[in-house]
Amino acid sequence: MTQQDKFAIIVAGGSGTRMSSNIPKQFIEIGEKPILMHTLEAFDRYDAEIKIILVLPRSEQSVWEDLIDRHSFKVLHRIIDGGNSRFSSVKNGLSAIPDGSQGLVAIHDGVRPFVSSAMIDRSFEMAASSGNAIAAVVLKESIRKIADESSQHVPRTGYRLIQTPQTFAVAEIKAAFKQEEKETFTDDASVLEANGGKIHLYEGDYRNIKITTPDDLLWAEAFLAQSNQ
């Protein structure tokens, strides 16, 4: 891959509702450290020179600063205010990257702390050659389509589960986020696609879980224990 500036936008605006927690899920500790810190460290391990932009609701930024002090957290990053939706939060993060940049940006969920350096590298490699790279994994289980009061079997071979990081040429994704927000924008790839972009998938990782429910915390602790052996 030719040398280009590399950015990582980490989106951390989730609540603890589905986690049945009183604190935002990105601040819940696993391995005696907030989930969000594990996520930032994953990108720092991949490349200590990567420019990390953390998008965080303003109301949670003082809590984050306290956590940084408490854990002596050293990963360099810039904090940007989150928006009222994921779309607006990512848009705010993109605004922190200078217009005219010829670099690449990986957009990643703050509660996916187990993304590997190899996976991040795959995303930047593909984005450098194809303009974008969207993480995807094959479905393991059968699926059915719900219609009214019945359901119908759907061949799973034609479907993929989408993950992050989703990595893009900066100029292309900034241009895509100038359009109006739509309900169909469930991820960053859907924003680019609505702007005429062709989506390119790369192989994700089943360990790259999004920690959303209490069951996910059990998997997270198991993954950490395994990695520490």
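Strands E6 and E10 (residues 160–169) pair in the antiparallel sense, over 4 bridges. One contact point to look for in this predicted model is Ile-107, whose bridge partner in E10 is Gln-166. Step back from that pair and you find an open sheet of 7 strands, in the order E5-E4-E1-E6-E10-E7-E11, with mixed pairing. E5 (78–81) and E11 (201–203) are the edge strands, each pairing on one side only. From one strand to the next, the twist averages 30°.

Now for the helices that lie on the sheet. H2 lies across E4 and E5, and runs at about 155° to E5. H4 lies across E1, E6, E7, E10 and E11, at about 60° to E10.

Which residues of H4 are buried? They are Met-119, Ile-120, Ser-123, Phe-124 and Ala-127. These residues cover an arc of only 135° around the axis, so they sit on the same side of H4. The cover over the buried residues of H4 includes E1, H1, E6, E7, E10 and E11.

On to the packing. The largest nonpolar core has 30 residues, and the ones touching the most other members are Ile-10, Leu-36, Leu-40, Phe-43, Leu-54 and Trp-64. At least two residues each come from E1 (6–11), H1, E4 (51–56), H2 (58–71), E6 (104–109), H4 (117–130) and E7 (132–138). H1 gives the largest share, with 6 residues. Take Ile-10 as a way in: leaving aside residues up to four places away in sequence, its contacts include Leu-36, Leu-40 and Phe-43, along with Ile-52, Leu-54 and His-108. Apart from this core lies another, of 23 residues, and among them are Ile-97, Ile-107, Ala-176 and Ala-189.

To finish, go back to H1 (residues 35–46), where you'll find His-38. Is His-38 buried or exposed? Its relative accessibility is 12%, so His-38 counts as buried. Setting aside residues up to four places away in sequence, His-38 touches Ile-30, Lys-33, Pro-113 and Leu-224.

Note on methods:
Residues numbered from 1 in each chain as written. Predicted model: local features only at pLDDT ≥ 70, side-chain atom pairs only at ≥ 80, totals over all residues. Heavy atoms only, no water. Buried < 20%, exposed > 50% of the residue type's maximum accessible area, 1.4 Å probe, protein only. Contact = heavy atoms within 4.5 Å. Core = buried A, V, L, I, M, F, W, Y, C linked by side-chain atoms within 4.5 Å. Pairing = 2+ DSSP bridges. Axes fitted to C-alpha atoms, helices over the stretch in contact; angles between N-to-C directions. Arc of directions from axis to C-beta.
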